[in-house]
Amino acid sequence: MKVVLASNNPGKLAELQAMMQPLGIELVPQGQLMQGEAPEPYGTFLENALSKARFAAEHTGLPAIADDAGLCVQAFGGLPGVDTAYYCTQFGYEKSDENNVRALLEQMQGVQDRRAAMVSTLVAVRHPRDPEPLVAVGRVAGLIATERTGTGGFGFDPVMWIPALGKTFAQMAPEVKHAHSHRGRAVQQMMALLRERWLDEAAA
């Protein structure tokens, strides 16, 4: 089954494709099929993911899956949230994972409450007007480390420390990260929904 991924992020594509392969789903990044990106004017992960999924389905004619994810820092009232990808730009840095981590470490200097959560919201639609979008949410709580550790992953992985595992996401092997990450948890839920609602119903 071919499904368009409403993203051109190579890290996100690799993670989702690896986890969804057992269902026989082939994810195609939207950049291979269309131009442009969906508007994301909303304040919640759910609304933005739904906007992205509907936009990709409308412009490709394929079912679509979108992921809106971000970092929610307790000391910042849950921000940067939906603006995670552009976090560093408000401090004068050019948009990049490297600069996002740098800006976060700078802003967290002297902050005692280092609690944070990574949140991933996945939305899947069969077509742009699908009245029953599938929604899965994964959330992992951790602490913002005081320095980068590890070389794997992407985004804020080098500073997202998971106390239960004693490691940052960037220190984990891919299969370990998939099992414990916010996106991994959301994908497990989404796979169950896809199997039950799209694949099993189609075969019935």
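The side chains of Asp130 and Arg126 meet in a salt bridge at 2.8 Å, N to O; a salt bridge is a side-chain nitrogen of Lys or Arg within 4 Å of a carboxyl oxygen of Asp or Glu. The model is predicted, so local features need pLDDT of at least 70 and side-chain atom pairs pLDDT 80 or more, while totals for chains, interfaces and linings use all residues. Residues are numbered from 1 along each chain as its sequence is written, and side-chain values use heavy atoms, without hydrogens and water.

Asp130 is buried, with a relative accessible area of 1%. Arg126 is partly exposed at 35%. Buried means under 20% relative accessible area, exposed over 50%, and partly exposed in between (1.4 Å probe, protein chains only). Arg197 forms a salt bridge with Glu132, with the closest N and O atoms 3.4 Å apart. This pair links distant parts of the chain, 65 residues apart: Arg197 lies in helix α5 (residues 182–203), Glu132 in the loop between β4 and β5. Helices (H or I, at least four residues) and strands (E, at least two) are DSSP runs, numbered from the N terminus. Shared partners join Arg126, Asp130, Glu132 and Arg197 into one network of salt bridges.

The structure holds eight salt bridges. Another of them joins the side chains of Arg148 and Glu98 at 3.5 Å, N to O. Arg148 sits in the loop between β5 (134–144) and β6 (160–162), and Glu98 in helix α3, 50 residues apart. Arg148 is partly exposed at 34% relative accessibility. Glu98 is partly exposed at 44%.

Seven strands form an open sheet with mixed pairing, in the order β2-β1-β3-β4-β5-β6-β7. Its edge strands, β2 (26–29) and β7 (167–168), each pair on one side only. Strands pair if DSSP finds at least two bridges between them. Strand β1 (residues 2–5) runs parallel to β2 over four bridges. Val4 stands opposite Val28 in β2. Helix α1 (residues 10–20) packs on the sheet and touches β1, β2, β3 and β4 (115–125); its direction makes about 165° with that of β2. Contact means heavy atoms within 4.5 Å. Axes are lines fitted to C-alpha atoms, for helices over the stretch in contact, and angles run from 0 to 180 degrees between N-to-C directions.

Glu26 belongs to strand β2. At 43% relative accessibility, Glu26 is partly exposed. Beyond four places away in sequence, Glu26 touches Met1, Lys2, Val3 and Gln17.

A cis peptide bond joins Leu79 and Pro80, with omega about 10°.
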